[in-house]
Amino acid sequence: MNGKLKIQQIADHTGLSISTVSRVLAGKSNTSARAREQVLSYAKSQGVLSGLSTGRLMLNNIVVFAPARAFDARSDIFYYKVIQGIVAAVSQHDVRVRYCALEESDADVALFIAKMTDTQTDAALLVGIDDAHIHQLAADLAKPCVLINCHDRLMRHDSVSPDHQTMGDFATDYLFTQGHQRILTLQCLRRHTMELRLAGIKEAFARHNLAFNDSQHLVTTSGFGAQEAEQAMLNYLDTLPGDQPMPTAILAGGDFMAAGAVAALVKRGFAVPTDISVMSTDGFNLAEIHDVALTAVHVPRDELGVEAISLLQRRLFRPEAPCSSVLLQGKLVTRNSVRKVTGRALHPAVTSHNHQLYDDNQEAVDNR
């Protein structure tokens, strides 16, 4: 058919009515799974799908697999917003979104297989699922699948993530350009994505001809909460050797971690940013902490769902195309929590800020 959409020819070949073929190709849900399979199989064999507009999403049921906390804004605002982005992206299509909670690792394999082999499941999105066995099963089951903020090292799936490594490099480099040489990083390293963030931080140190020493430049936590970050920073401040100088800046792995760092500094008599600057790699959850507007690199969040749906569209229209990995860049927002260091004095990097909060001022456990 030379890539042209000829509904009559598809109807003749499949034995289906023209109206049924039209509904399938329009992505409507009021068709049987068998009819949909017949139409799409023949259309693909004739090169029809590659010529259709990517404005169509030719599936009707998507299952979102994510850790249980992702479905509760108070438990994980980051992933909750990612899922809201998915819902918004499919709102223009005739698509039903279903949800299934899976652990990041050691996931319930039987549950995953049951959901994926359900006749209603046309495609899947895996949000923050690191289990390599689940990735393999998704490939074996051969339904369109896109990974969000997780990594398939065997390159079997399309994926979209924030560019954690570049953002770590960028945020650290910004602190260097503000004159800071003694930078402490406060990070949670329980996922591969945050290991990439740390790799970027180390790259910035190397580019500025400074050695990164874990004992001097890194404090780690097991989660992203403010209380845990506060305690980790208190432990650091209370055990800092007398011959080791205080950091002039702290780069936190998220807004709530930054809040914990500020609380610890205040308890030990330090002012932010006069004594020590604090910067976040998040920037959506807390616009200001203790009346100090927070300088941050915004990590793309809502956009992840939009890009994942776009990758699903591409996979449906070009099933034989190589898998792709899309990395989304962050954006620097300068406020008042970072001060510029000079030889004689400290100066604010900016002089005004916006008091508006991006999300509810609550402690959450982001798990990027």
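Axes here are lines fitted to C-alpha atoms, for helices over the stretch in contact, and angles run from 0 to 180 degrees between N-to-C directions. Keep that in mind for the helix pair later on.

Ground rules next. This is a predicted model: local features need pLDDT of at least 70, side-chain atom pairs count only at pLDDT 80 or more, and totals for chains, interfaces and linings use all residues. Residues are numbered from 1 along each chain as its sequence is written, and side-chain values use heavy atoms, with hydrogens and water left out.

Helices (H or I, at least four residues) and strands (E, at least two) are DSSP runs, numbered from the N terminus. Two strands pair if DSSP finds at least two bridges between them.

Let's take the parallel sheet. It is open, has 6 strands, and runs in the order E2-E1-E3-E4-E5-E13. Strand E2 (96-101) and strand E13 (325-328) are the edges, each pairing on one side only. Neighbouring strands are turned by 20° against each other on average, direction ignored. Inside it, strand E3 (residues 123-127) and strand E4 (residues 145-148) pair in the parallel sense over 4 bridges. Ala 124 stands opposite Cys 145 in E4.

Now the mixed sheet. Its order is E7-E6-E8-E9-E12-E14, again an open sheet of 6 strands. The edges are strand E7 (218-221) and strand E14 (331-333), each with pairing on one side only. The twist averages 20° from one strand to the next. Strand E12 (residues 295-298) and E14 run antiparallel, joined by 3 bridges. There, Ala 296 has Val 333 in E14 as its bridge partner.

What packs on this sheet? Helix H7 (residues 164-177) does. Its contacts (heavy atoms within 4.5 Å) include strand E6 (183-188) and E12. H7 makes about 155° with the direction of E12. Helix H10 (residues 226-239) lies across E6, E7 and E8, at about 145° to E7.

H10 also meets a helix. The axes of H10 and helix H11 (residues 255-267) come within 7 Å and cross at roughly 40°. Angles under 35 degrees count as roughly parallel, over 145 as roughly antiparallel, 65 to 115 as roughly perpendicular and the rest as oblique. H10 and H11 are therefore oblique to each other.

Who touches whom? In H10, the residues include Met 233 and Leu 237; in H11, they include Phe 256 and Leu 265.
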